[in-house]
Amino acid sequence: MNSALINEEQDAPEGMSGDADTASRVRAILVGSVGNLIEWYDVYAYSAFALYFAPSFFPSTDPITQQLSAAAVFAAAFVIRPVGGILFGWIADRHGRRRALLYSVLLMCFGSLMIAVSPTHSQIGVGAAVVLILARLLQGLSQGGEYGASATYLAEMADPRHRGFFSGVWYTTLIGGQLAAVLLLLLLQKVFLTPEELRAWGWRIPFAIGALLSLYALRMRRDMSETGHYNEAIAVAPSSGSLKALFAHWRELLLVIGITIGGTSAFYTYTTYMQKFLKLSVGLDETQVTMVVVGYLIVALLLQPVYGALSDRVGRKPLLIWFGVMGVLFTVPLLTALSQTKSPWVAFFLVCGAWLIISGYTAITGILKAELFPTSVRALGVGLPYALTVSIFGGSVDTVALAFKQAGHESWFYWYATGCIAFSLIVYLTMKDTQRYSRMEQHV
């Protein structure tokens, strides 16, 4: 970071306008976050229901092969995320955070609707997989833009003294999206449908609901206020949103990549992949898997604002170092112990232990990246390097883990995840604390 960094020790409200009250500020953050929850629900519905719909698109006698194919499609959507980061980051920095958030959730609606009505392999052959891939690409494009725009909106709307806390609240929506998808799965499993019905047609229900919820999020976001940071920056920064202006901050771009590698690999290990791990490696039945996932997601959700508020007191860097050190020491032991247990209760407590570690990263990831960039390129600066890193190290987690398992070397994935965290730990130890050296008040 350069010498223009500003030590932020101020109490004045910011983000909306000089006379904006706390209630309006909080309402704007919550409206943006609820829309984020709905968008992430659409993504996690794919992972939560993959055990049921994979045979409809990828017929095979081997369930691991089916899940590997579904995971590959899930990972393919991450490839286009950087394009979404550029497109929606440019819209957010040039035309406003609100407009980018409206467009991203509308695009997500189309992707979910395509999956809900998609024909199966028995109806059109390999064309079914092509439709599924196209739908996931639309969702990936939307997701790539959602993160940077919504994290930027949160950072600019929040009170400077409580940005970490609201970052934790914002991250509960990512976890809450998956929790909503898993709760729906549990409801369908236990109340409404048989396993045969879920495999035959019930897997379409969450995607139809996702499309409707996306339309609801679109309606909510229509009334969002634009941030004061953006309104001030656009008047003095005609190059807002340009890639040329963004790459002038190349050190910060590399820093976002380094911060994200370990965190995103850990996050996807204990969210999207963990459901498959509990089924295929631990050997729990489908109901036990769903109950364990619901339980640890509730714990993870509650931890986020607590860790975020802690970062407002002690800084962002100590929490990152906590995640890095503990992740390096305990990833292999935790995953090894999980693979050897047959008890759903033991599995639940082990994954909760992992979330006590991961939350040091997840609760503050949105705000600390936003604090690295000036307003004119903030959405691009947060969204593009994050999307690029997640496309390589996050979306590939299921594929990498299942490939190791299929090859008979499942434990190699544990060391792969540890290596990702170790790399980021080096970054955490050498970086400055973004809370103390924030660029939130810089426009260019």
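We'll go from the whole chain down to one residue.

Before you click anything: this is a predicted model, so local features need pLDDT of at least 70 and side-chain atom pairs count only at pLDDT 80 or more, while totals for chains, interfaces and linings use all residues. Residues are numbered from 1 along each chain as its sequence is written, and side-chain values use heavy atoms, with hydrogens and water left out.

Select the protein chain and colour by secondary structure. You'll get 20 helices and zero strands (DSSP runs, H or I of at least four residues for helices, E of at least two for strands, numbered from the N terminus). Draw a box along the principal axes: the C-alpha atoms fill roughly 60 × 45 × 40 Å.

Of the 444 residues, 62% count as buried, meaning under 20% relative accessible area.

Next, contacts, meaning heavy atoms within 4.5 Å. Among those with a separation of 6 or more, 87% link residues 24 or more positions apart.

Time to zoom in: select residues 410–430, helix H20, and pick out Ala-417 there. Is Ala-417 buried or exposed? It counts as buried because its relative accessibility is 5%. Show its surroundings: leaving aside residues up to four places away in sequence, Ala-417 touches Ser-265 and Thr-331. Last stop, Leu-368: it sits 49 residues from Ala-417 along the chain, and their C-alpha atoms are separated by 22 Å.

Conventions
Buried < 20%, exposed > 50% of the residue type's maximum accessible area, 1.4 Å probe, protein only.
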